Every structure is written in C-alpha cells, then in structure tokens.
Amino acid sequence: MTGEGPLDLSQSQALRRRAVAVDATLAYEGYVLARDRLVDGAYPLYGERASGAHIWDVDGNRYLDLILAYGTIILGHADPVVSEAVLREIRDGFAITLRKRVQVELAELLTAVIPHAEKVFLLKTGSDATSAAVRLSRVHTARTRVIRWGYNGWHDWCATRPGGVPTEAQAVVDSFDYNDLDSLRAAFERHPGEVACLLMMPFEVDPPAPGFLAGAAELAHEHGALFVLDEMRSGFRTAPGGAQERYGVRADLVTFSKAMANGYPISALVGREEVMRAVGEVHISSTFHVNGAEMAAAVATIGQLRDGAILTHVERLGERLQAGLAKQLAEHGLPGRVLGVPQMPFLRFTDPDEAARGRAHDAFYTETTRRGLLLHPNHHWYVCGAMTDEDVDAALEATASGFRAAEAAAHG
C-alpha cells in the first residue's frame, strides 16, 4: 500500500498531456464510461508493470488491483504458466498462415468444460462474439429482431450511444427489465413471431433471482427464439462452466472472452451443433482469428481453472471483502449498499442528497487510491486468484480510511 496524503502522479499527468494531442480516446470527454477511473487528479492513468494482484504506475506507486483490466485477469497479472505458454507460441511463430495445433486443443477444452457446448467458433473480442451470436441466431430462426439486456458490446445493434449508429440498426432491437419475467414476456408479446434471440448477461451487479434465468430461457423457447448468454464477465469466474453451471440453466449459444485467457485478446462463441451450423451461411472473418498466442493463453488459463479450486478461493475472498465493507458502511452510518456477486463486488453510495452523495463518493475513492487500493468508482470490481487473505485485510484497512473520509466529506 502507498500511504497517506496525495500521490505523486506527475509522470501519469505528463503522459496524459502528451496523449491528449494524439490519442482520440483521451482527447475527448466521455469515452466508454463517464469519469472513467477518475476522481480528477487523484487516480493514476498509466501503469508500468503488474504482477499477481498488484500493479505499479509510472510514478512508482503500488496498488492492490481490483479493476483487473475490467475482469480479463482471473489468475493474477503476468501468471507464469500463461506467460510461458504464450512465449512458446511466440518463439515458434504464432501467425504462420496455417492453423496451429493449439486451436484444436482449445476447442476441445471448451467443449469439455462448458455445459452443452458442441461446437466452438474462436474470435477476437467480446463484440465479435455477441455480434456473431446474433447473426447465427438470425440465420437459424429466419427472423430479425433481438431482445437483449446488459452491456453486449459496441457494434451497431447494441451500441449504448446513438452517435454514428443508423436508427434502423436498433429499430429491430428491444430490451426489458432485469429479474422481471413479466417485462420480458411483454417484450416478446410486442413482436410475436419476430424475435430471433434473447441475448443477455446472466447478471451484472444484482444476481439473478431464483428461477429467473430458467424462466427467461423458457420464454425465449416458447416464442421460438434462441436463448443466448453473454458470459464475457461471468465466464471462467463464477464457475469453470460459467453461469450455466452455476445457475443450472441451459443456453443455445454462449459467448466468452475476458477471463478465459487471463488478459489476452480472444473470444469464443459456443453452442449446440444444430445452431452452430449457421457458421457456414454467414460472413464473419478476421485475419487474426487464427493467431496461436492467445489460444495458448486460453488453454493455460482454463487448465488452471478447470478443477474449481482457484474460483472457490476467489469467491471466498470476495465474500470476506463484501462482509467487511458492509460492516464498515454500517459503522459509519453512511447511506449505501454493498452489491454484486462475491467474485465481482461493488459499493454504491445512496444518500438522497445528490451533493452529499457526490462528496462522499469522491472522498472515498480519493482516499482508497492514496492508500494503495485501485477501485473503479463507476464499474463493479473483480477479485483474482493471486489475491490473499492479507490482501483482503489491506483492502479493508484502505476502505476503513475511505469511509472515514467519506463521512467527513458528506457532512462537511
């Protein structure tokens, strides 16, 4: 952990000034998330290295990392087994025109680990996989409309901002309220016989209510649509077989990325053979889909997660962290809620006074960052296998200081 007082972030700030001149993602406000990682002037922007559960910024400050590259890290940063597997592919040439043996090995592994996965289509990004799922669903059902929920990527059919997106692209897309089967039923009934698929994250912050996912699948099939799970965040984190295994639900298609390769860029669409046949009727292609390095990372990652021991450890640490946060929140009398599943915890301040809530929020995250704990203010957090009980203790020491600062700021 770092310590008390403002952090030296001079190198981060100098790099940001250079980047604003050339990097469009920093030159303009509001890229992806509002106030992404920022309590202005208090958060590091550039990292130098990472190992296990910790990262170091360019100014030499060390942090316990609970952002974990937005959930792509499950084992820990720079996991040696994954790194060695990737280095072997690099040394042998990972883009060699022909397919590599590791592609077959990864597809076999995915069909062995993921429930009901009969065929695999390896891609590059999460948006690749969800968009491929929509395209295959449309071919399989000969329908066009999509009902979706959650963050499903940046392509036209699911972009969360209207800029540059033809209105026609989202005119055939509908949504519903999470954990509300009546809302979902109404969405299907608005468009009888038109829906190709229900595509949804199994959860984001709130866990699924008992029977909700099974009910959603049943509604989709009742209306002749496919049930597609977007497991970018939950996959290889909640259970080796993902939400299907954890919640006892069956999907026609499932998409994965993030944790499946411990940070390396790869995604997968898996599903029933009958549906996956549509791969032969669509155009989905990339020069980089067959690169072996990321596939080797995925094989090495899933191989370590497969017996469930690491994910049990992650869940236990997340439960400890959530319990500690709830206790601290109550002790300080701050309006707020500890949210999320243990593997992906979060904290939300709920003071009805918007100004007081904002002061508490910024004071908390400023203080925890100064204490060497890297949390995202506007996106749920993650726990990784490299974390220890001592790390949780250190995190709770930082959050205790954060709550003290938040209490003082809210009442100031």
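So, the aromatic cluster: ring pairs join Phe349, Phe364, Tyr365 and Phe403 into one group. Keep in mind that we're looking at a predicted model here. Within that cluster, take phenylalanine 364 and tyrosine 365. These two form an edge-to-face pair, with 5.0 Å from centre to centre and 85° between the planes. Are they buried or exposed? Phenylalanine 364 comes out at 0% relative accessibility, and anything under 20% is called buried, so phenylalanine 364 counts as buried. Tyrosine 365 is also at 0% relative accessibility, so tyrosine 365 counts as buried too.

Threonine 399 is in helix H15, and with a relative accessible area of 1% it's buried. What does threonine 399 touch, if we leave aside its neighbours within four places in sequence? The answer is Leu325, Gln328, Phe364, Thr368 and Leu373.

Searching the whole structure turns up nine aromatic pairs. One of them is phenylalanine 346 with tryptophan 381, which is edge-to-face, at 5.6 Å centre to centre and 75° between the planes. What I like about this pair is where the partners come from. Phenylalanine 346 is in strand E12, residues 346-349, while tryptophan 381 is in the loop between E13 and helix H15, so the pair links distant parts of the chain, 35 residues apart. Both phenylalanine 346 and tryptophan 381 are buried.

Okay, on to the sheet. There's an open sheet of four strands, in the order E1-E2-E3-E13, and the pairing is mixed. Which strands are at the edges? Those are E1, residues 47-51, and E13, residues 373-374, and each of them pairs on one side only. E1 and E2, residues 54-57, run antiparallel to each other, over four bridges. They form a hairpin with two residues between the strands, and glycine 52 in the turn has a positive phi of about 60°.

As a general point, nonpolar side chains in soluble globular proteins tend to be buried together. In this model, the largest nonpolar core has 100 residues, and Leu198, Met200, Phe227, Phe236 and Met260 have the most contacts inside it. Helix H12, residues 292-305, gives the most to this core, with eight residues.

Take leucine 198 as an example. Leaving aside neighbours within four places in sequence, its contacts include Ile147, Phe176, Leu184, Phe188 and Phe227. And then there's a second, separate core of 22 residues, with Trp157, Leu226, Met232 and Val282 among them.

Terms used: Residues are numbered from 1 along each chain as its sequence is written. This is a predicted model: local features need pLDDT of at least 70, side-chain atom pairs count only at pLDDT 80 or more; totals for chains, interfaces and linings use all residues. Side-chain values use heavy atoms; hydrogens and water are left out. Two strands pair if DSSP finds at least two bridges between them. Rings of Phe, Tyr and Trp (its six-membered ring) pair if their centres lie within 6.5 Å; planes under 30 degrees apart count as stacked, over 60 as edge-to-face and the rest as tilted. Buried means under 20% relative accessible area, exposed over 50%, partly exposed in between (1.4 Å probe, protein chains only). A nonpolar core is a set of buried Ala, Val, Leu, Ile, Met, Phe, Trp, Tyr and Cys residues joined through side-chain atoms within 4.5 Å. Contact means heavy atoms within 4.5 Å.
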